[in-house]
Amino acid sequence: SKLREQDDLILKYQSEIRQRNDDIEKKMYRVDRLNRKYEKMMEGQEDEENLGPLEATIKSLKADIEAEKEEAGRLEGVWLADQTRLVESAQAAETTLEANAELRARGRILNER
């Protein structure tokens with residue numbers, strides 16, 4: 001029962017990790033697209049004069065890129081925490097399995113006497 005609960009918890013964590021990895025990949029793809037768009041906008045610009053509406057667009061894109069990077073970093077931290085919990089759960093399950101095997105062996109020995 002306890003092992004089943006830990007297995008279910010491990011499966012849940014693995015599913016969450018996969019989902020967060022997908023989210024991170026999507027956000028990284030968006031950041032790459034924004035970077036490419038920014039680079040296209042900056043092609044041929046030798047100096048940073050006031051470009052009017054384009055300058056506002058560039059500033060907005062930079063802010064979007066930074067926000068996406070921050071979100072990707074936050075999600076990476078969450079993912080690492082989930083990985084840590086997954087490892088801890090797996091170790092706890094292994095410990096429980098070993099203790100269970102030892103108790104069964106002792107029980108067989110006692111039944112043989």
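Analyst: Buried residues account for 15% of the 113 residues in the protein chain. The model is a predicted one, and its protein chain has 2 helices and 0 strands. The radius of gyration is 26 Å, well over the 13 Å that the globule rule gives for 113 residues, so the chain is more spread out than a compact globule. Along the principal axes, the C-alpha atoms fill a box of roughly 90 × 20 × 15 Å.

Now to the packing itself. Helix α1 covers residues 2–42 and helix α2 covers residues 53–112. Their axes lie 8 Å apart and meet at an angle of about 160°. Because angles over 145 degrees count as roughly antiparallel, α1 is described as roughly antiparallel to α2. The crossing of α1 and α2 is left-handed. Sorted by class, the residues in the contact of α1 with α2 are 24 nonpolar, 8 polar and 14 charged.

The contacts can also be viewed by separation in sequence. Of the contacts in the protein chain between residues at least 6 apart in sequence, 80% join residues at least 24 apart.

Serine 89 belongs to helix α2, and its relative accessibility is 11%. Since buried means under 20% relative accessible area, serine 89 counts as buried. Setting aside residues up to four places away in sequence, serine 89 touches Gln6, Leu9, Ile10 and Tyr13.

Apart from neighbours within four places in sequence, aspartate 82 is in contact with Glu16, Ile17 and Arg20.

Glutamate 66 is another residue of helix α2. The C-alpha atom of glutamate 66 is separated by 46 Å from that of serine 1, and the two residues are 65 apart along the chain.

How values were computed. Residues are numbered from 1 along each chain as its sequence is written. This is a predicted model: local features need pLDDT of at least 70, side-chain atom pairs count only at pLDDT 80 or more; totals for chains, interfaces and linings use all residues. Side-chain values use heavy atoms; hydrogens and water are left out. Axes are lines fitted to C-alpha atoms, for helices over the stretch in contact, and angles run from 0 to 180 degrees between N-to-C directions. Helices (H or I, at least four residues) and strands (E, at least two) are DSSP runs, numbered from the N terminus. Angles under 35 degrees count as roughly parallel, over 145 as roughly antiparallel, 65 to 115 as roughly perpendicular and the rest as oblique. A crossing is left-handed if the near helix is turned anticlockwise from the far one by less than a right angle, and right-handed if clockwise. Ala, Val, Leu, Ile, Met, Phe, Trp, Tyr, Cys and Pro count as nonpolar, Asp, Glu, Lys and Arg as charged, and the others, Gly among them, as polar. Buried means under 20% relative accessible area, exposed over 50%, partly exposed in between (1.4 Å probe, protein chains only). Contact means heavy atoms within 4.5 Å. The radius of gyration is taken over C-alpha atoms; the globule rule is 2.2 Å times the number of residues to the power 0.38.
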